[in-house]
Amino acid sequence: MITQSEYSKIISTPTTHTISTITPNDKNIEARLILLEKLGTINLKSGDIIHQFLVADQTGSIKCNFFGEHGNQLRPGDIVFMFGIYATLYKETTLTLYTGKRSKVYKIGEFFMVFVEEPRMSETVWEKDQSGVYALKKT
């Protein structure tokens with residue numbers, strides 16, 4: 001549970017990223033997002049569960065994997081503030097956000113948040129430039 005002063009800070013402080021600014025291998029991401037749809041769950045050999053959601057903000061949408069209890073308590077329509085999350089290319093093709101054991105996820109509201117679904121950043125195509133940095137593939 002967060003205090004009123006922590007809640008006020010979370011609501012008013014700009015985040016480090018919006019969905020459209022996330023690139024592969026970004027770390028320590030802070031974001032304020034709405035959960036649009038639960039895409040499924042993945043049972044790991046370790047017994048842990050990953051809950052996959054489509055999340056969005058005012059700049060786009062992206063797949064997000066919530067590890068363990070983080071995802072178990074969330075529902076579509078929840079608005080969350082997350083920090084300590086990271087982005088990678090799943091199977092080298094799908095840009096995905098991940099929460100880890102050290103990530104923090106706070107539910108800060110429900111339903112009322114401006115968002116767009118396009119661009120769907122998990123459906124974009126990335127390529128490495130000559131220095132090994134990922135960039136959106138130009139078509």
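**Close-up views of the predicted model**

**View A. Ser103 and Gly84.** A polar atom of the Ser103 side chain lies 2.7 Å from the backbone oxygen of Gly84. A polar contact is a pair of N or O atoms within 3.5 Å; within protein, one must be able to donate a hydrogen and the other to accept it, and residues adjacent in sequence count only if both atoms are side-chain atoms. The model is predicted, and local features need pLDDT of at least 70, side-chain atom pairs count only at pLDDT 80 or more, and totals for chains, interfaces and linings use all residues. Residues are numbered from 1 along each chain as its sequence is written, and side-chain values use heavy atoms, with hydrogens and water left out. Ser103 belongs to the loop between strand 5 and strand 6; helices (H or I, at least four residues) and strands (E, at least two) are DSSP runs, numbered from the N terminus. Ser103 has a relative accessible area of 3% and is therefore buried (buried is under 20% relative accessible area, exposed over 50%, partly exposed in between; 1.4 Å probe, protein chains only).

**View B. Strand 5 and its two partners.** In strand 5 (residues 94-98), 5 of the 5 residues are buried. Thr94, Thr96 and Tyr98 point one way from the strand, while Leu95 and Leu97 point the other way. Strand 4 (residues 78-90) pairs with strand 5 in the antiparallel sense, over 5 bridges; two strands pair if DSSP finds at least two bridges between them. Within this pairing, Thr94 is the bridge partner of Tyr90. Strand 3 (residues 60-67) runs parallel to strand 5 and is joined to it by 3 bridges. Opposite Cys64 stands Leu97 of strand 5.

**View C. Surroundings of Asn65.** Asn65 is a residue of strand 3, and it counts as buried because its relative accessibility is 6%. Not counting residues up to four places away in sequence, Asn65 touches Ile50, His51, Gln52, Thr96, Leu97, Tyr98 and Thr99; contact means heavy atoms within 4.5 Å.

**View D. Asp78 and the salt bridge to Lys107.** The whole structure holds 1 salt bridge, where a salt bridge is a side-chain nitrogen of Lys or Arg within 4 Å of a carboxyl oxygen of Asp or Glu. The side chains of Lys107 and Asp78 meet in a salt bridge with an N to O distance of 3.4 Å. This pair links distant parts of the chain, 29 residues apart, with Lys107 in strand 6 (residues 104-110) and Asp78 in strand 4. Asp78 and Ile34 are 44 residues apart along the chain, with their C-alpha atoms separated by 5.7 Å. Leaving aside neighbours within four places in sequence, the contacts of Asp78 are Leu33, Ile34, Leu35, Gln73, Lys107, Gly109 and Glu110.

**View E. Aromatic pairs.** The count comes to 3 aromatic pairs, taking rings of Phe, Tyr and Trp (its six-membered ring) with centres within 6.5 Å; planes under 30 degrees apart count as stacked, over 60 as edge-to-face and the rest as tilted. Phe81 and Phe83 form a tilted pair, because their planes stand at 50°, with the ring centres 6.1 Å apart. Phe81 is buried at a relative accessible area of 7%, while Phe83 is partly exposed at 32% relative accessibility. Tyr86 and Tyr98 are stacked, at 5.4 Å centre to centre and 15° between the planes. This second pair spans 12 residues and links distant parts of the chain, Tyr86 in strand 4 and Tyr98 in strand 5. Tyr86 is partly exposed at a relative accessible area of 33%, and Tyr98 is buried at 13%.

**View F. Nonpolar cores.** The largest nonpolar core has 22 residues, and those with the most contacts inside it are Leu33, Val55, Phe66, Met82, Leu95 and Leu97. A nonpolar core is a set of buried Ala, Val, Leu, Ile, Met, Phe, Trp, Tyr and Cys residues joined through side-chain atoms within 4.5 Å. Two or more residues come from each of strand 1 (29-43), strand 2 (49-57), strand 3, strand 4 and strand 5. Strand 4 contributes the most, with 5 residues. Another core, of 6 residues, lies apart from this one and has Ala56, Phe81, Ile108 and Met113 among its members.
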